[in-house]
Amino acid sequence: METIQHRTVPVNGINMHVAEKGEGPVLLFLHGFPELWYTWRHQILALSSKGYRCVAPDLRGYGDTDVPESVSSYTCFHIVGDIVALIDSLGVDQVFLVAHDWGAMIGWFLCMFRPERIKAYVCLSVPLLRRHPTIKTVDGMRFLYGDDYYICRFQEPGEIEGQIAQVGTLNAMKNILTTRKTGPPILPKGQFGNGVNESTPETLPSWLTQDDLDYFVSKFEKTGFTGGLNYYRNLNLNWELTAPWSGAKIKVPVKFITGDMDMVYTSLGMKDYIESGLFKEEVPNLEEVIIQEGVAHFNNQEAAEDVTNHIYTFITKF
């Protein structure tokens, strides 16, 4: 880990922290919620040794990157703007993209807005979410699962932050990262945790060390969770902003990887969408879908070697 270089890059009006290792074609990694560049530690070390320049930022609102105060500073345009500026700073025209969770959603926007910058995309956990022509994103989720669905609970600024503060950053991070609960996360009003992970283990799983957990906790204790939560608070605004791309197809070559215990795969009709061919209709160059048996949401950490191998076998085609 000490061989990974760290620097700060000015992008799109903010300062972005970037972790980097290796030389060669650029592999750009985008993390999700509530994570950091650190979620890609295994892939950075393994793939930099195979001739790739691995670059993993802390996204806007996270870690050692700036945390703008305004909720409206976290739209898909802001975050994609950050990433395009980061790619420009690397001195390359194109990158291989690897992304997970919210990073995956930003990855789809990036492929939609600026496809010429992406050679190929390895997407983890979150497939392309088709834009409904008449129903806003959060409104649709509230209709399906009610006001206690976690994304609906995240909408009111300050509310869920207060409940996370009550359980503490350590317990919140441990609760989220270790969950193996399938289906839609439902957070009962007035509390945080039970809907994400009903039985937080006393002992950490083999893929998450105490040092790993401590790193995440140290950064979120500094920044809080508001930056990451603001991504969710812009879902309806993103729906409005992306109206010009309604029905647009993703033409970038894509490989999709998820676990069969992933909370995304097991809710919102995702399994049927992915396996029925509808996903392929939206992403015509979807070359492969990998469903990892017995693997939950944080597959880039839980099944790190398998994910690394899938990334490598895909990008070597290009």
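The model is predicted, so a word on ground rules: local features need pLDDT of at least 70, side-chain atom pairs count only at pLDDT 80 or more, and totals for chains, interfaces and linings use all residues. Residues are numbered from 1 along each chain as its sequence is written, and side-chain values use heavy atoms, with hydrogens and water left out.

Let's start with helix 1, residues 41–48. Helices here are DSSP runs of H or I with at least four residues, strands are runs of E with at least two, and both are numbered from the N terminus. The buried residues of helix 1 are Arg41, Gln43, Ile44, Leu47 and Ser48; buried means under 20% relative accessible area, exposed means over 50%, and partly exposed is in between, using a 1.4 Å probe and protein chains only. The cover over those buried residues includes strand 2 (14–21), strand 3 (26–30), strand 4 (53–57), helix 8, helix 13 (299–302) and helix 14 (304–315).

Take helix 14 from that list. Its axis and that of helix 1 are 10 Å apart, and the two helices pack at an angle of about 45°. That makes helix 1 oblique to helix 14. Axes are lines fitted to C-alpha atoms, for helices over the stretch in contact, with angles running from 0 to 180 degrees between N-to-C directions. Under 35 degrees counts as roughly parallel, over 145 as roughly antiparallel, 65 to 115 as roughly perpendicular, and the rest as oblique. The crossing of helix 1 and helix 14 is right-handed, a label used when the near helix is turned clockwise from the far one by less than a right angle, with anticlockwise being left-handed. On the helix 1 side, the contact is made by His42, Gln43, Ala46 and Leu47, and on the helix 14 side by Ala304, Val307, Thr308, Ile311 and Tyr312. Contact means heavy atoms within 4.5 Å. By class, this contact of helix 1 with helix 14 has six nonpolar, three polar and no charged residues. Ala, Val, Leu, Ile, Met, Phe, Trp, Tyr, Cys and Pro count as nonpolar, Asp, Glu, Lys and Arg as charged, and the others, Gly among them, as polar.

Now for helix 7 (residues 169–177) and helix 8 (residues 210–223), whose axes come within 9 Å and cross at roughly 125°. That makes helix 7 oblique to helix 8, and their crossing is right-handed. Thr169, Leu170, Met173, Lys174 and Leu177 of helix 7 meet Leu213, Phe216, Val217, Phe220 and Glu221 of helix 8. The residues in this contact divide into seven nonpolar, one polar and two charged.

In the loop between helix 7 and helix 8 sits Thr178, which is buried, at 8% relative accessible area. A polar atom of the Thr178 side chain lies 2.6 Å from the backbone oxygen of Lys174. Setting aside neighbours within four places in sequence, Thr178 is in contact with Asn197, Thr200, Pro201, Leu204, Pro205 and Leu208.

Tyr145, in helix 4 (residues 137–145), is partly exposed at 26% relative accessibility. A polar atom of its side chain lies 2.7 Å from the backbone nitrogen of Leu268. The C-alpha atoms of Tyr145 and Ser267 are separated by 9.9 Å, although the two are 122 residues apart along the chain.

Finally, Thr8 in strand 1 (residues 5–11) is exposed, at 53% relative accessibility. Not counting residues up to four places away in sequence, Thr8 touches Asn15 and Met16.

Notes:
Polar contact = N/O pair within 3.5 Å; in protein donor to acceptor, adjacent residues only side chain to side chain.
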